[in-house]
Every structure is written in structure tokens, then in C-alpha cells.
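Subject: Structure for your files

Hello,

Here is the structure I said I would pass on. My notes follow below it.

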Amino acid sequence: MPLKIKNVLVCDAVDKACVQLLEENGINVTYKLKLPVDELCKEVKNFDAAIVRSDTKITAEVLAAGAGSLKVVGRAGAGVDNIDVTAATTHNVVVLNTPGGNSISACELTCILIGALARPVVPAGQSMKEGRWDRKLYSGNELYGKTLAVLGLGRIGREVAIRMKAWGMRVIGYDPITTEAEAKAVGIEKLTLEQIWPLADYITVHTPLIPATRNLISSESLAKCKQGVKVINVARGGIIDEQAVLDALESGKCAGAAFDVYAEEPPKSEVTKALINHPKVVATPHLGASTAEAQVRVAVEVAEQFIALNGTSPKYTSYAGVINKDALAHYQ
């Protein structure tokens, strides 16, 4: 049964391609960006669906306010950390994201950061701007022949593996769901975490942040790693224990780290600030999806799924980003 999405509230800035596609398919779009919670609670009663990115939080309070009218919340991005999925399911609100939209952008940033850890281009570039010529100080290492561990072999993890294989790296990986054959198809040797720790020269994480992955890289796991291991997080803050990495950088166990995401954003804690300011850390402000191409892709992907849920177009029939199938079942 179609959901009959007629009016959509866009809560965060999305590419105009999203609005255009929705309107072409007979859906009205209203833009009201960054509303305070009380105003958002008043507004959601007037809409069948809402689109958010990272700024707007769809809390239990907002979902309760929209009960009876709100049917879908679409996140133009991969994670749904800012949406209370449990409360949404209680109120029969379908939650969907755009799992494929950011993949290439997040993958490419990961690869660039791996390169920046191998060859210290960031501090070397800064030293040049400051008028210095420190050739000896910024000597690096080749990636060729080194071992990259990819933890989480979904879309992004696999894309990273494909590219870093081209650099001549050995790629090993772990994922509880991906089969050995699926990993092998993209050139990854699937191993257990216990096998991975002592082998990896570089470790990159590409998992969601769930209880099982929180502090996946910790003091305990780093203790089992090679001396001089390097870690990269372009996935979610909290998968890598920031204090553990800071300690490992100080002791020399960890020779470098690159972070695009943090336990708290923007970072406020002294630990995170110390990590960002460490000379062996390359830090970026959550830029994984910040490319022109990804922004268009996620915006269009949300719109396509809304249209598919309406069942009004033979062209758009997939809503693969639905997170809570139980809520969807209510309408079928």
C-alpha cells in the first residue's frame, strides 16, 4: 500500500536536486531550516515526511508531536544517529537513510588520510608556509608492501580495499556478516580480529557505531598491535577510543592517527583537543561526505525513496535505505 506522501518538510540544507525531483513527482516541499525543538514539534504535525541531515535531531519528543501525521523521516546521509529509531517505530514512522550516497567520498577521504600518514604532507606543507626547508624532518614510508586492516567490509570498506590494493598494499579485513568469498572477490583476506591485530601496519574502521563497535580500537586491542601501527577513523566517533590512541601515540606504540570524526562534535573535551593537536595526528572536521558529488547523490537518493514509497512512479521502486522494516509493515 502506498504511503501517500504529499507534503515534505526539509529541516536541513540539501541539494536542490532533491526538491526538484520531489516536486516533479507531485510532492510539495517546505524549507524550514534548523528549527528549535519547540517549533519543530509544532511544524511536524503538518507534514507526512521530513528530511534531515546532521543538524536536526528527530527525538522521541518530535516524533510524539508528529504522531498521526508524520509517516517518514529521511536522512540525507549514511548514519541515523540523530533520529530516535525506536521511538519512530513506536509511532509507525519509517526511517530511511542513503547508504550508498556517501560511499565514494568517504572512501576517497580514507585513502587520502592513509597517504597523509605514510608521507607527512600536512606538517611538511605547513613548515614550507612558515619559510622552512625541512627535508630530513619529513621523511616518510612507502605504502607498497604494507598491510592494511579494514574493519567493516560494507560498501566503503570494500571501496577502500580496492583502491589501496592498487597501491600494492596487502589488505586484510574483518566483518561478522561478509563472507570469505565476498571479501576475496575484492581482494581482501578475511580474518578474525585476534589474527588482524599483530599483522596490521594501518587500521581503518568502517562500521556503524553500535555497542559491539564502541571502542573497537582500545588500549587492549592496541596492545596486541605492531609497534608503530597507524589508525584511521572516517566512520563514526567512538569506534576508536581517543584516550587509548593518545596514550599509544605518547608511548610510541602508535606512530600516527587520522581522525575525521570524534566522540563529540564539535570537539570540546580536553582529550579530543589534545589528540587533534598531537604532531602525529591528521585531523579533519567530519568531511567524509563533504563533496559536491556526494551532496547531490544523497539528496537525490532520499527523494527517490520517498517517491518509491508513494508507489506513483515506475522509474523509482527501491527504498533500500529503510532502517525499521517494522514501521513500514504497518502501511502494507
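**The sheet**

Strand 10 (residues 229–233) and strand 11 (residues 254–259) are paired in parallel, with 5 bridges between them. Helices (H or I, at least four residues) and strands (E, at least two) are DSSP runs numbered from the N terminus, and two strands pair if DSSP finds at least two bridges between them. Valine 229 has cysteine 254, in strand 11, as its bridge partner.

Before the rest, two remarks on the source. This is a predicted model, in which local features need pLDDT of at least 70 and side-chain atom pairs count only at pLDDT 80 or more, while totals for chains, interfaces and linings use all residues. Residues are numbered from 1 along each chain as its sequence is written, and side-chain values use heavy atoms, with hydrogens and water left out.

The strands named above belong to an open sheet of 7 strands, ordered 8-7-6-9-10-11-12, with parallel pairing. Its edges are strand 8 and strand 12 (281–283), each of which pairs on one side only.

Strand 6 (residues 147–151) runs parallel to strand 7 (residues 170–174), and 5 bridges join them. Between these two strands the chain passes through helix 7 (residues 155–165), and the β-α-β crossover is right-handed (with the strands pointing away from the viewer, the path from the first strand over the helix to the second runs clockwise). Within this pair, valine 150 is opposite glycine 173 of strand 7.

Strand 7 also pairs with strand 8 (residues 189–190), again in the parallel sense, over 2 bridges. Here isoleucine 172 faces glutamate 189 of strand 8. Together with helix 8 (residues 180–185), strand 7 and strand 8 form a right-handed β-α-β unit.

Cysteine 225 is buried at 5% relative accessible area, and cysteine 254 is buried at 1%. Buried means under 20% relative accessible area, exposed over 50%, and partly exposed in between (1.4 Å probe, protein chains only).

**Helix 1**

Helix 1 (residues 16–24) has Cys18, Val19, Leu21 and Leu22 as its buried residues. They lie on the same side of helix 1, because they cover an arc of only 165° around the axis (taken from the directions from the helix axis to the C-beta atoms). Lys16 and Glu24 are exposed on the other side of the helix. The cover over the buried residues includes strand 1 (7–10), strand 2 (28–31), strand 3 (49–52) and helix 13 (292–310); contact means heavy atoms within 4.5 Å.

Just after the helix, glycine 26 has a positive phi of about 75°.

**Loops on either side of helix 10**

Histidine 206 is in the loop between strand 9 and helix 10, and is buried at 13% relative accessible area. Its side chain makes a polar contact of 2.7 Å with that of threonine 204. A polar contact is a pair of N or O atoms within 3.5 Å; within protein, one must be able to donate a hydrogen and the other to accept it, and residues adjacent in sequence count only if both atoms are side-chain atoms. Beyond four places in sequence, the contacts of histidine 206 include Val150, Gly152, Ile156 and Ala235.

Threonine 207 lies in the loop between strand 9 (202–205) and helix 10 (219–223) and is buried too, at 15%. With neighbours within four places set aside, threonine 207 is in contact with Leu151, Gly152, Thr213, Ala235 and Ile239.

Lysine 224 is in the loop between helix 10 and strand 10, partly exposed at 41% relative accessible area. Its C-alpha is 5.6 Å from that of tryptophan 197, although 27 residues separate them in sequence. Setting aside residues up to four places away, lysine 224 touches Glu194, Trp197 and Pro198. With glutamate 194 there is a side-chain polar contact of 3.3 Å.

Regards
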